[in-house]
Amino acid sequence: MTNPTRALRISGLVEGASFLLLVFIAMPLKYLAGLPQAVKVVGLLHGILFVIFGLALLRTWAAERWPFSRVVLVFIAALVPFGPFLIDRRMREWEAQGATT
């Protein structure tokens, strides 16, 4: 079975990329170019990816028995632009710890 922390890391990076796409591409297209469809499509995709990320976070919390503070930190990072990329190094360390236990 896949390491839950690895799955969380990957889902976080994909979700983070979709957030950046939404904020820096789709929203300017909506407000500057009058193309609201960009936000509808990218926003839906981002929403689905965020739900997947949330489920992966819950799975990791349960499987790896992470402290609640770590779960909160990872969740907050997902709400901030570039957050998943900034926390990725620490996530790799947690992934390695999970693989050895």
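This is a dialogue about reading a predicted model of one protein chain.

Student: What should I know before I start?

Tutor: The model is predicted, so local features need pLDDT of at least 70 and side-chain atom pairs count only at pLDDT 80 or more, while totals for chains, interfaces and linings use all residues. Residues are numbered from 1 along each chain as its sequence is written, and side-chain values use heavy atoms, with hydrogens and water left out.

Student: How many helices and strands does the chain have?

Tutor: Helices (H or I, at least four residues) and strands (E, at least two) are DSSP runs, numbered from the N terminus. This chain has five helices and zero strands. Read from the N terminus, the order is α-α-α-α-α. The C-alpha trace spans about 50 × 20 × 20 Å along its principal axes.

Student: How much of the chain is buried?

Tutor: A residue is buried under 20% relative accessible area, exposed over 50%, and partly exposed in between (1.4 Å probe, protein chains only). Of the 101 residues here, 36% are buried. Accessible areas come from the Shrake-Rupley method with a 1.4 Å probe, and for residues only the protein chains shown count as cover. The chain has an accessible surface of about 6,300 Å², and 71% of that belongs to carbon and sulfur atoms.

Student: What share of the contacts joins residues 24 or more positions apart?

Tutor: Contact means heavy atoms within 4.5 Å. Among contacts in the chain with a separation of 6 or more, 68% are between residues 24 or more positions apart.

Student: How do I check the length of a helix, say H3?

Tutor: The expected span is 1.5 Å times one less than the number of residues. Helix H3 covers residues 68–79, which is 12 residues, so the span should be 16 Å; the end C-alpha atoms are 17 Å apart, which agrees.

Student: Which residues of H3 are buried?

Tutor: They are Arg70, Val71, Val74, Ala77 and Ala78. These residues lie on the same side of H3, because they cover an arc of only 125° around the axis; the arc is that of the directions from the helix axis to the C-beta atoms. The general idea is that an α-helix has 3.6 residues a turn, so residues three or four places apart point the same way. Turned away from the buried side of H3 is a face with the exposed residues Phe68 and Ser69.

Student: Which residues make up the largest nonpolar core?

Tutor: A nonpolar core is a set of buried Ala, Val, Leu, Ile, Met, Phe, Trp, Tyr and Cys residues joined through side-chain atoms within 4.5 Å. The largest one here has 12 residues: Leu8, Phe53, Ala56, Leu57, Trp66, Val71, Val74, Ala77, Ala78, Ile87, Met91 and Trp94. Two or more residues come from each of helix H2 (37–64), H3 and helix H5 (88–100). H3 gives the largest share, four residues. As for tryptophan 66, leaving aside neighbours within four places in sequence, its contacts include Leu8, Leu57, Val71, Val74, Met91 and Trp94.

Student: Is leucine 22 buried or exposed?

Tutor: Leucine 22 is buried, because its relative accessibility is 11%. Leucine 22 lies in helix H1 (residues 4–33). Not counting residues up to four places away in sequence, leucine 22 touches Met27, Val39, Val42, Gly43 and His46. Between leucine 22 and alanine 38 there are 8.3 Å in space, C-alpha to C-alpha, although they are 16 residues apart in sequence.

Student: Is glutamate 95 buried or exposed?

Tutor: Glutamate 95, in helix H5, counts as buried at 14% relative accessibility. Beyond neighbours within four places in sequence, glutamate 95 is in contact with Asn3, Thr5, Arg6 and Arg9.

Student: Where is arginine 65 found?

Tutor: Arginine 65 is in the loop between H2 and H3. Arginine 65 is not a glycine, yet its phi is positive, about 55°. With a relative accessible area of 72%, arginine 65 is exposed. Phenylalanine 82, in the loop between H3 and helix H4 (83–86), also has a positive phi, near 70°. Phenylalanine 82 is partly exposed, at 43%.

Student: How many aromatic pairs are there?

Tutor: Rings of Phe, Tyr and Trp (its six-membered ring) pair if their centres lie within 6.5 Å; planes under 30 degrees apart count as stacked, over 60 as edge-to-face and the rest as tilted. The structure holds five aromatic pairs. One of them joins tryptophan 61 and phenylalanine 68 and is tilted, at 5.6 Å centre to centre with 45° between the planes. Phe50, Phe53 and Phe75 form one aromatic cluster.
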